[in-house]
Amino acid sequence: MKNYILDTNVLLHDPNSILNFADNYVHIPIEVIEEIDRFKRESTELGRNARTVSRLLDGFRGEGSLSEGVKLPNGGKLKIGFHKHTGELGANGHSVDNRILSYAAGIQKAQPKNAAIMVSKDINLRIKADALGLLAEDYETDRVFITDLYTGMFELTVSPEKISSFRANGELEMTGGKKYFPNEYCTLVDETNPKKAALTKVDATGTKVIPIVDSREAIWGIKPRNREQHYAFDALLDDRVKLVTLMGKAGTGKTLLAMAAGLKRTVLDREFRRLVVARPTISMGKELGFLPGSLEEKLAPWMQPIHDALEMLSDLNMGQDHRRSGDLMRSGSIVVEALSYIRGRSIANQFMIIDEAQNLTPLEAKTIITRVGHGTKIIFTGDPYQIDNPYVDSSSNGFNYVISRFRDQPIAAHIELQKGERSELAELAANIL
């Protein structure tokens, strides 16, 4: 039986973290409750999480005394308490972090046979815990390490006869007994001539490969420039795929491809009511203070990259459709908005793009996907190496979490775009800086 002492940031990151420690003791110091109380009035995601934690703890209060410990559904026990032990913390015991560490040290002293583990997403608190001889861990239940991340594609070297059979029959059975994920993209390479290849994808059953959508003709003025972009257009234009995740470094075309496909499906094909583009309002550098004007004017700095992409697509497509992005936005065919106001909505029959998704927490990603109504397709684009949100990192963000959890679902597809196509300079900078 282990004793896990939770820090405030763990509960604010995932309110359900209380239930993720198996049949062990979960301790919440009284100082953590006080810190959560300070967040509960905020209208942000942190405020919502704080209120969720409070409701959860109030529900457990009905099971017995929280100071004595109540049973959790997973077999563990939850206890809220405080401890007067200051030990090595001495005069600095008045700070919240030090009082939480005092509590953990008290638990360790009272139960030397049971491991006392401080769980925090604060690196400095973990360092201080280690200096005091306490075990300390990050909260890793929802972590997906970027080196282990699903790429969404693989290569298979086959005989020329098999490639000919695939082209003739429109499918090829997968042999060898290996299980592949639905909608995993496969390049069939001719073993006698590596320059000959066929672009395919695994079907919903995971047992055979089928052809991808032919996008060599421009999609809203955009022609795919590499293999991964062909795969991306297939996922974006396939009606059976309702969730698409596009990952890639700066300049690989994530947002541009998604918006080109969205404009085609919305404006030309009229398969969706509108194209909705949203992104988290998290800035790269220091804030400039409060911005004046209406909601649209306040959002303008964050949404400018979307408008830049729309203008570029308008210029590329002038020969086919003379409606510029401004006209499409005024008519309501394109809607650009912030994610702050998505909770409580039901979004049906829309082509939805969530840009810069690497700045989302796993809970925020879940909140967005659960807003999706009937007939809506949702696309997440992101680069886990460009995170501006101070509360997530390259392995704890919601984008990685979605990619990992949905990889075996037939209605989801993931593509990792690897080659930058913005410009020679942008590609060089992404690689060497």
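**Helix contacts, burial and cores in a predicted model**

Me: In this predicted model, what makes helix 2 and helix 4 a contact, and which residues meet?
Reply: From helix 2, Glu31, Val32, Glu34 and Glu35 meet Val96, Arg99 and Ile100 of helix 4. Contact means heavy atoms within 4.5 Å, so these residues count as meeting.

Me: How is the contact of helix 2 with helix 4 divided by class?
Reply: There are 3 nonpolar and 4 charged residues, and no polar ones. Glu and Arg count as charged, Val and Ile as nonpolar.

Me: What angle and distance describe the axes of helix 2 and helix 4?
Reply: The axes of helix 2 (residues 30-39) and helix 4 (residues 96-110) cross at roughly 145° and come within 9 Å.

Me: Why is Asn49 called buried?
Reply: Its relative accessible area is 4%. The cut-off is under 20%, so Asn49 is buried. Asn49 lies in helix 3 (residues 45-61) and touches Leu12, His13, Pro15 and Leu363, leaving aside residues up to four places away in sequence.

Me: Which residues of helix 12 are buried, and what do they pack against?
Reply: In helix 12 (residues 398-406), Gly398, Phe399, Asn400, Val402 and Ile403 are buried. The buried residues pack against strand 12 (243-248), helix 11 (362-369), strand 16 (377-382) and strand 17 (412-417).

Me: Where do helix 7 and helix 8 meet, and what is the handedness of the crossing?
Reply: Helix 7 passes helix 8 in a right-handed crossing. The axes of helix 7 (residues 227-237) and helix 8 (residues 254-268) come within 10 Å and cross at roughly 35°. The residues that meet include Phe233 and Leu236 in helix 7, and Leu257 and Lys264 in helix 8. By class, this contact has 8 nonpolar, 1 polar and 2 charged residues.

Me: Which residues have the most contacts inside the largest nonpolar core?
Reply: Leu236, Leu263 and Ile415 do, in a core of 39 residues. Helix 8 supplies the largest share of this core, 8 residues. Apart from this core lies another, of 36 residues, among them Val10, Ile18, Leu57 and Leu72.

How values were computed
Residues are numbered from 1 along each chain as its sequence is written. This is a predicted model: local features need pLDDT of at least 70, side-chain atom pairs count only at pLDDT 80 or more; totals for chains, interfaces and linings use all residues. Side-chain values use heavy atoms; hydrogens and water are left out. Axes are lines fitted to C-alpha atoms, for helices over the stretch in contact, and angles run from 0 to 180 degrees between N-to-C directions. Helices (H or I, at least four residues) and strands (E, at least two) are DSSP runs, numbered from the N terminus. A crossing is left-handed if the near helix is turned anticlockwise from the far one by less than a right angle, and right-handed if clockwise. Buried means under 20% relative accessible area, exposed over 50%, partly exposed in between (1.4 Å probe, protein chains only). A nonpolar core is a set of buried Ala, Val, Leu, Ile, Met, Phe, Trp, Tyr and Cys residues joined through side-chain atoms within 4.5 Å.
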